[in-house]
Amino acid sequence: MTIAEELLLLAYDKEGRPDVTMTWLDPAIAAAVLAELVVHGRVEMSGRRLRVRDQSRLGEDELDAALTLMGAKSRRPVSCVQLLERHGLRRRLLTRLVTGGVLAETRGKALGFFPVKRWPEARPGGRAEIRARVAAVLGGAEPDPRTGTLIAILHADRYTRTFFPGYDDRRYKEVAEGGWAAEPVIRTVGVIADAALYAMAGE
């Protein structure tokens, strides 16, 4: 499961309804894909722009597709986020989670008239495992790169307290800014997380 898919699981409640706006979620999951490529050493900062430094495949369809989409051109971080979110990323990730048996896709009607889709958990425990892992780190455990990246994105977009209330703000910041990867990686993930905010505003 990618970091972006973990973020999706956190963003939907147990009935399969989004707990956040799509205006936030779409840039956030695009940022999560970019951040995971940074953690794997495929994307890096070059000046103030992001570029692919290694086109070799990771064997993960969505991450490899993002590498192909970015190509050889360097771009501003916000442009990279916008590039990925424009290509139906959320829908594809939801479909992957349904195909993998993690979520189910249901259809119904709101107010008895408007068609709606829901994505409840098909296999209980996935969301709980992610929440437990993040909560353990916020409670003082050492972060791994995956959890550190997830917290960094949530913290930059001011959503950490939405999903994980009750922790000291200093701990959110401490985890987001260090300890789980090399300093250039953490710095670049922070830049990407910030870029999601600009992408929400259409900048």
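Author: α2 and helix α3 (residues 61-70) pack with their axes 10 Å apart, at an angle of about 90 degrees. Axes are lines fitted to C-alpha atoms, for helices over the stretch in contact, and angles run from 0 to 180 degrees between N-to-C directions. Helices (H or I, at least four residues) and strands (E, at least two) are DSSP runs, numbered from the N terminus. This is a predicted model: local features need pLDDT of at least 70, side-chain atom pairs count only at pLDDT 80 or more, and totals for chains, interfaces and linings use all residues. Residues are numbered from 1 along each chain as its sequence is written, and side-chain values use heavy atoms, without hydrogens and water.

Reader: Which residues of α2 and α3 make the contact?

Author: Val33, Leu34, Glu36 and Leu37 of α2, with Glu62, Leu63, Ala66, Leu67 and Met70 of α3; contact means heavy atoms within 4.5 Å.

Reader: And α1, what covers its buried residues?

Author: The cover includes α2 (22-39), α5 (89-99), α6 (126-138), α7 (145-156) and α8 (160-163). Nine of the nine residues of α1 (residues 3-11) are buried, that is, under 20% relative accessible area with a 1.4 Å probe, protein chains only.

Reader: Switching to strands: how many bridges join β1 to β2?

Author: Four, between β1 (residues 43-46) and β2, and the strands run antiparallel. Strands pair if DSSP finds at least two bridges between them. Ser46 has Arg49 of β2 as its bridge partner.

Reader: Which residues are on the covered face of β2?

Author: Leu50 and Val52; Arg49 and Arg51 are on the uncovered one.

Definitions and conventions
Buried means under 20% relative accessible area, exposed over 50%, partly exposed in between (1.4 Å probe, protein chains only).
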